[in-house]
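Please read them with the structure open.

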Amino acid sequence: MTKTIRFGAAGIAMFAALGMGTAAHADTATADATAEVLDALILNNDAALDFGTMVVTGAGTVTIESDGSVDCTAADIVCSGTTSVAGFSVEGTANKSVTINLPTAGVELRHPDHTLATAAEHTIELNGFTSSENGANGPEVALNGTGDATFDVGGTINLDGSEAAGVFSGTFTVSVEYS
């Protein structure tokens, strides 16, 4: 009888030791979780892109760089008057970077009289948009400590010499997003 009790106690101790060995391999860990909420971006156009005045007797291009410099060196184009880059201001979360999305396709500037004989007479293509602010991966601006920044946009117009006299106008879209 004593021998049976000893074997029973030894068997219970052995099963308990095996069960404890399995529990000793289990483990747990915790992880942090965060969520950052940013201020909504507000983009304003503060100044229009203005190529000034020109006399066109042949084909060529006129470029306004984003720093405001003008390239009007085509032999058949004479530029004059006041020019300006398109100015933008952006508001958002302080000390964040914002990617500037410029148009990738050309935009038509149209003559107010669309009844002219050819498309070339009443349209001028605007393309080659550039930004005054650029980061490592393209147009980008850093918001300052109060969440504000400004940038300028330039572009190029292409003339073929058949444009009718008048003021050509159009619009282009610039957008911003957090980098």
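1. Cys 79 has a relative accessible area of 27%, so this residue counts as partly exposed. The model is a predicted one. Cys 72, at 22% relative accessibility, is also classed as partly exposed; the cut-off for buried is under 20%.

2. Which residue is joined to Cys 72 by a disulfide? The partner is Cys 79, with an S to S distance of 1.9 Å. The structure holds one disulfide, and its torsion about the S-S bond is about 85°, so the disulfide is right-handed. A disulfide is a covalent bond between the sulfur atoms of two cysteines.

3. Strand 4 covers residues 70-71. Strand 4 pairs with strand 3 in the antiparallel sense, over two bridges, and Thr 63 stands opposite Asp 71 in strand 4. Five residues lie between the two strands of this hairpin. Gly 68 takes a positive phi near 95° there.

4. Strand 3 also runs antiparallel to strand 12 (residues 148-159), to which five bridges join it. In that pairing, Leu 159 of strand 12 is found opposite Gly 60. Is strand 3 mostly covered or mostly open? Strand 3 (residues 60-64) is mostly covered, with four of its five residues buried. For the protein chain of 179 residues, the buried share is 27%.

5. Four strands make an open sheet with antiparallel pairing, in the order 10-11-7-13. Why is one side of strand 10 and of strand 13 left without a neighbour in the sheet? Strand 10 (134-135) and strand 13 (175-178) stand at the edges and each has a single partner strand, so one side of each has no neighbour in the sheet. Strands of a sheet pair through backbone hydrogen bonds, either parallel or antiparallel.

6. Within this sheet, strand 7 and strand 13 are antiparallel and share four bridges. Ile 100 has Val 176, in strand 13, as its bridge partner.

7. Thr 93 sits in the loop that runs between strand 6 (86-91) and strand 7 (97-101). Is Thr 93 buried or exposed? Its relative accessible area is 14%, so Thr 93 is buried. The side chain of Thr 93 reaches the backbone nitrogen of Asp 39 at 2.6 Å. Leaving aside neighbours within four places in sequence, Thr 93 is in contact with Leu 38, Asp 39, Leu 143, Gly 147 and Tyr 178.

8. The largest pocket holds about 650 Å³ of space. Its lining is made up of 27 residues, and those nearest the centre are Phe 51, Gly 52, Leu 109, Val 167 and Phe 168. Elements that give two or more residues to this lining are strand 1 (42-47), strand 2 (53-56), strand 6, strand 9 (123-131) and strand 12. Which strand gives the most to the lining of the largest pocket? Strand 2 does, with three residues.

9. Last, the chain as a whole. The protein chain has two helices and 13 strands. Among its contacts with a separation of 6 or more, 75% come from residues 24 or more positions apart.

Notes: Residues numbered from 1 in each chain as written. Predicted model: local features only at pLDDT ≥ 70, side-chain atom pairs only at ≥ 80, totals over all residues. Heavy atoms only, no water. Disulfide = S-S within 2.5 Å. Buried < 20%, exposed > 50% of the residue type's maximum accessible area, 1.4 Å probe, protein only. Polar contact = N/O pair within 3.5 Å; in protein donor to acceptor, adjacent residues only side chain to side chain. Contact = heavy atoms within 4.5 Å. Pairing = 2+ DSSP bridges. 1 Å grid on protein atoms, 1.4 Å probe; cavity = no way out; pocket = protein on both sides within 12 Å on 5 of 7 lines; lining within 4 Å. Points joined across faces, edges and corners; volume = space filled by probe spheres on them.
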